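Please read the points alongside the sequence and coordinates.

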Amino acid sequence: MLEVRNLQAWYGKSHILRGVDLDVGEGEIVSLLGRNGVGRSTTVKAIMGEVEPSGTIRFEGQDIAGLKSFQIAHRGIGHIPESRDIFPTLTVRQNLLLGQKHARRTSGRWTMDEMFRLFPNLAERADVPGGVLSGGEQQMLCICRTLMGDPRLIMVDEPTEGLAPMVVQQIRELLEEIARRGVAILLVEQKLTIAMRLSHRVYIMGHGQIVYEGTPDTIRKDESIRKEWLEV
């Protein structure tokens with residue numbers, strides 16, 4: 001579904017991405033791992049058009065490099081940023097409605113009733129402003145709002161950061177459910193155990209490039225890779 005070749009990106013004069021190559025297939029969960037500052041979040045932002053990219057980015061065979069973020073979203077890619085970026089003064093229900101690409105859509109893989117079924121906490125707080133939700137509830141709301149747009153691929157940046165273990169478990173189960181319904185996932189995750197359990201394939205980044213590609217099993221067996229590129 002997603003093909004990235006020789007992706008380059010800069011912040012001012014700082015050369016952050018130095019030729020990233022990666023692929024995500026239909027229904028796959030692919031994790032992007034690495035230490036902080038190696039360019040994982042920048043990769044996602046460049047794919048989404050939030051950072052100006054250089055290189056080739058193709059989604060379902062169509063070139064999307066250089067498109068505006070809203071155009072990329074309408075092509076079928078959803079982005080769940082680390083900052084969550086919910087609308088704090090709007091209610092949970094209003095935040096979810098804003099996720100719909102077509103205001104009058106009442107059917108599809110993901111509806112508001114389905115979101116409330118998956119997350120009863122959100123149903124109980126449907127008319128509460130998003131800004132008063134807990135961090136875990138805000139993360140759930142952000143994921144659900146993205147799903148309301150019925151994406152075919154989602155990019156999720158650090159979804160479990162700072163959350164309690166029980167909420168982390170809920171997020172993991174939701175990501176598994178999303179993949180079971182045929183939505184591909186590109187996951188940026190700091191917690192190695194979560195990424196290893198969820199992923200079909202794994203990329204490791206270092207110095208703005210992909211330095212390793214493999215399966216969770218190959219990484220578990222290769223202590224040298226973990227020590228060089230993942231462990232602090």
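1. In this predicted model, D23 is partly exposed, with a relative accessible area of 26%. Its salt-bridge partner is R5, and the closest N and O atoms of the pair are 3.0 Å apart. R5 also counts as partly exposed, at 33% relative accessibility. D23 belongs to strand 2 (residues 14-24) and R5 to strand 1 (residues 2-11), so the contact ties together parts that are 18 residues apart in sequence.

2. A salt bridge also joins the side chains of R125 and E137, at 3.0 Å from N to O. R125 sits in the loop between helix 5 (120-124) and helix 6 (135-147), while E137 is in helix 6, 12 residues apart. E137 is buried at 11% relative accessibility, whereas R125 is partly exposed at 27%.

3. R201 and E213 form a salt bridge with an N to O distance of 3.1 Å. The pair links strand 9 (residues 201-206), which holds R201, to strand 10 (residues 209-214), which holds E213. Here the arginine, R201, is buried at 17%, and E213 is partly exposed at 49%.

4. In total, the structure holds 14 salt bridges. A network of salt bridges connects E114, R117, E177, R180 and R181.

5. The disulfide count is 0. C142 takes part in no disulfide, the nearest cysteine sulfur being that of C144, 9.4 Å away. This separation is too far for a bond, because the criterion requires sulfur atoms within 2.5 Å. Both cysteines are buried: C142 has a relative accessible area of 0%, and C144 has a relative accessibility of 0%.

Technical notes: Residues numbered from 1 in each chain as written. Predicted model: local features only at pLDDT ≥ 70, side-chain atom pairs only at ≥ 80, totals over all residues. Heavy atoms only, no water. Buried < 20%, exposed > 50% of the residue type's maximum accessible area, 1.4 Å probe, protein only. Salt bridge = Lys/Arg side-chain N within 4 Å of Asp/Glu carboxyl O. Helix = DSSP H or I, 4+ residues; strand = E, 2+ residues; numbered from the N terminus.
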